[in-house]
Amino acid sequence: MFDKYSLIQQLEKLPFSKRDYWVVAGSAMVLHGFRPQTYDIDLGCSILLADKLEQQGYAIVRCKDGTRKILYSENIEIFENWIEGTVEIISGVPVVCVDGLIQMKKKLGREKDLMDIALIEKVRETNQF
């Protein structure tokens, strides 16, 4: 499990330019403060970084849309060009913005993603986020 502190520690160890990746999914929920912890780290990345990781021999899975999912480590998956909205910096780390996070979760449409959207909306209403 990763809380905000341990998540940032892990991300700071990555040997990537912060221009080439951004945090998405449950990890973005933690960094935005909507959830206390996440089980894994999901990242979006540039085509350039995806090419570099494939050349380095990381396991690649092709998604339905032709983009690549890179199995970087036991706890980190990286998705080529997976982004909606913009990227902002939180605690020195590039993270998809809240509106983009909502759009991404709507596209996924799984029950857990719909629950996350409801949580985000509730927190936004309560905190005038």
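Strands E6 (residues 87-90) and E7 are joined by 4 bridges and run antiparallel; strands here are DSSP E runs of at least two residues, helices are H or I runs of at least four, both numbered from the N terminus, and two strands pair if DSSP finds at least two bridges between them. Glu 88 has Val 95 in E7 as its bridge partner. The hairpin of E6 and E7 has 2 residues between the strands, and Ser 91 takes a positive phi near 50° there. The model is predicted, so local features need pLDDT of at least 70 and side-chain atom pairs count only at pLDDT 80 or more, while totals for chains, interfaces and linings use all residues. Residues are numbered from 1 along each chain as its sequence is written, and side-chain values use heavy atoms, with hydrogens and water left out.

Strand E2 pairs with two other strands. E1 and E2 run antiparallel and are joined by 4 bridges, with Trp 22 opposite Gly 44 in E2. E2 and E5 run parallel, joined by 5 bridges, and Cys 45 has Glu 80 in E5 as its bridge partner. In E2, 5 of its 5 residues are buried, where buried means under 20% relative accessible area, exposed over 50% and partly exposed in between (1.4 Å probe, protein chains only). Ile 41, Leu 43 and Cys 45 point one way from the strand, Asp 42 and Gly 44 the other way.

Helix H1 (residues 4-12) has Ser 6, Leu 7, Ile 8 and Leu 11 buried. The buried residues of H1 pack against strand E1 (21-24), H2, strand E2 (41-45) and strand E7 (93-96). Leaving out residues up to four places away in sequence, Leu 11 touches Tyr 21, Val 23, Leu 31, Ile 41, Leu 43 and Val 93, a contact being heavy atoms within 4.5 Å.

Leu 11 also belongs to the largest nonpolar core, which has 37 residues; Leu 11, Leu 31, Leu 43 and Ile 78 have the most contacts inside it. H2 gives the most to this core, with 5 residues. Such a core is a set of buried Ala, Val, Leu, Ile, Met, Phe, Trp, Tyr and Cys residues joined through side-chain atoms within 4.5 Å. In soluble globular proteins, nonpolar side chains tend to be buried together.

Ser 27 lies in helix H2 (residues 25-31). Ser 27 counts as buried because its relative accessible area is 1%. Beyond its neighbours within four places in sequence, Ser 27 is in contact with Leu 7, Thr 38, Asp 40, Ile 41 and Asp 42.

The largest pocket has a volume of about 600 Å³. A pocket is found on a 1 Å grid over the protein atoms alone, as an open set of points where a 1.4 Å probe fits, with protein on both sides within 12 Å along at least five of seven lines; lining residues have an atom within 4 Å of a point. Grid points are joined across faces, edges and corners, and the volume is the space filled by probe spheres set on the points. Of the 25 lining residues, Ala 25, Asp 42, Trp 82, Leu 108 and Arg 110 are the closest to the centre of the pocket. H2, strand E5 (76-80), helix H4 (98-108) and helix H5 (111-127) each give two or more residues to the lining, and H4 gives the most, with 4 residues.
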